[in-house]
Amino acid sequence: MPHARNRNPSPIPEVTWDTGLKEMNETWKGAIACLGVAVFFVMTIGIIYWQVVDQPNKNWILRGTFSGLIWERRTQSLVIQTLTEDKTYVEIDVGNVGNPDIEVPFVRNLCWLNKTEFCYTWDSVAEVKISLEVNEDTETECYSMTWAPVHCHVELKDCFSMTNVSWYGGASVRGQTWPINDQNATMQPFMVSDLKNNPSGFGSALERYFLGSSGVAVFVSPDIPLQLGVDSRQQFCLQSLPSMERLPLQYTVCVAHNVKAAHQEVVQQLSEHSRELPNMQALWLPFWKLLANVDSGPKVERELRTFSNRLRRHQLGEGVISLNEHSTTLLSDMDHDYLNSRRRGMSKRLTRDLPLVKLLNISITLSPFLGVDTTQFHTSLIDGTEAYWLSLPSAPLGQLVPVMSQWRGKFCVKLNITNPGAVSWFLDRVGSLQAHLGMEYVILEGGEGNLFEEQALRPPHALGGDKYISLLADLATRIGDSTIVTAGTRSSHKPLFVRMTPLQSDWSPMGLKAIIPSLLHHTLLGYNFLIPDAVGGSLSGDLVTDEELFIRWLEIAAFLPVITFHTPPWVCGEDQVLNLTRIYIARHQRDVVPLIEKYAEEWQMTGNPIYRPMWWLSPSDPMTFTIDDQFLIGDEVLVAPVVDKGAVQRDIYLPDGGFQWQDSQNGQVFDGGTFLQDYPVPLDEVAVFLRRS
């Protein structure tokens, strides 16, 4: 019988098939899950690799028309470069905020809707906002930086590199340099101090403005406390003060095609007031300091008579005889005695009104300090005018207690310049002296420093930082346009003279070599009408005995706004010194003063300095960036004095601007850009070159 066939040949029953399919699906799911984990792992590794290894070091944050702001990840720096990256204007190290070990990406812009702004929160410590403003007319671009701490007691610190950039501006220091790259200053409050008492501090003139040779300018907000530190040839750093108020760090960085253009742009931005000229008649008169160590007004009067007669006998012309504060006080006491004698009905013969003093052209010296042993101070405590002096309450609602300080070795109180009554009292005092002495010039000393902060006291808001100096400048302006102040900040537009810091009587960078750097520093910051230190230096108070030093100092002083003397020329040397003094006083009056008057008008209109560095005529020439022993008067006179002891020749660089230079002594003509090596300059001469078109 044939075998019958099975109609269902499959050996797999239905139930077995379903179970296998489920097992197969689970296998695929596991494989897919493993694949997903692998892909995620690879992506994570890739992201980490991109962030750590392959992420670009530079990221463009903002772009202008010719410059842009770059974030350099590895150095944690903001860099402003040209868009073609062929020129770096400035590099700012901002990695000092928060934890320096944490690398901050700094590329996520929280203000991405605005193409001219960049916002970021730095390591949960500070918020930064950067705004770009383009001025197509002046071809400048400005980046406004604002760092705001998120928490209390956060120090914000940004450092500006000195690599390949020469920096100018800031504050005067002992041993002034031009540029400031060679200076050293520990981090300290950026305010004017008395360099005689604080040699490592900052002096006058001081402004929150720094200029770089690459065509960059930095100016800091005037309304926030600021600290500054300078590391020689490396960087200078701006730092905020940590406080409960979470004070920001605010500054603006402007870039232009060269250093001159950058300076001119910032001057226009900072020009809030019209510029006024002081009494220009003072430029024609030499100032002679009266060295009188006497103890009464009549003796001062006698010394004045003797000194005036000597000036006439030596044919040194008309000048101003300067009295120090002690001599001024003695003459003031004579005035007081005179008034008392009038009240007592004394004879008219004994009640003279200082007629001899009135016949002389003198300057007096005052300060906002008053001795605690004086009648005026004790009277103020009795009549309830103790608020005339800087004071603090003894308790939250307690009586005001004047803050004591020292001035000229005596315990004193200081005028409360925010009190209208105190200001009126001081002006009345000046007016009384003017009436009885007939003087025109007033030297106002003692504005430097902050009395409260020096004693670790919290100052009133109106007197924080350098505000006292600014208010004292307002007071000086009310006295008149013949007033000389010893501290200048935010007051370059006022009709005042500013006196330079006293220098050592030697050839060092603390002495003669500091004159031209100080001159260029003052005028760059707008203080063109300065009273230089006396010929030969006056820091020690001793008379100068080095005849060569006196002559070389005199040769520089003859080209400055005013010639001042501490050592009379008849004391320093023989007839040669006297003859040269007469010659250079006459040359100053004949050649220099008319030039100053001419360029003073330009300063009023444009803010361009009267005395100018070499790069002013050749702003793209690196040779001009570090020349610290030559200067220009306007655009037409170049002065190159000798500043080394025993030298009768020196190297001179004539800047190139498409013109020539002519030696005023021998008439030789040289092309711009010429370097004159070992150019002869005898002891009785100074190298002066006149610009020829």
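View 1. At 3% relative accessibility, Cys237 counts as buried, where buried means under 20% relative accessible area, exposed over 50%, and partly exposed in between (1.4 Å probe, protein chains only). This is a predicted model, in which local features need pLDDT of at least 70 and side-chain atom pairs count only at pLDDT 80 or more, whereas totals for chains, interfaces and linings use all residues. Residues are numbered from 1 along each chain as its sequence is written, and side-chain values use heavy atoms, with hydrogens and water left out. The sulfur atoms of Cys159 and Cys237 lie 2.0 Å apart and form a disulfide, a term used for a pair of cysteine sulfur atoms within 2.5 Å. Because Cys159 lies in strand S8 (residues 157-161) and Cys237 in strand S14 (residues 235-239), the pair ties together parts that are 78 residues apart in sequence; helices (H or I, at least four residues) and strands (E, at least two) are DSSP runs, numbered from the N terminus.

**View 2. The disulfide of Cys142 and Cys254.** The torsion about this S-S bond is about 105 degrees, so the disulfide is right-handed. Cys142 is buried at 6% relative accessibility, and Cys254 is buried too, with a relative accessible area of 1%.

**View 3. The disulfide of Cys111 and Cys119.** Cys111 is joined to Cys119 with an S to S distance of 1.7 Å, and with -85 degrees about the S-S bond this link is left-handed. A search of the whole structure finds three disulfides.

**View 4. The end of helix H13.** After H13 comes Gly607, whose phi is positive, near 85 degrees.
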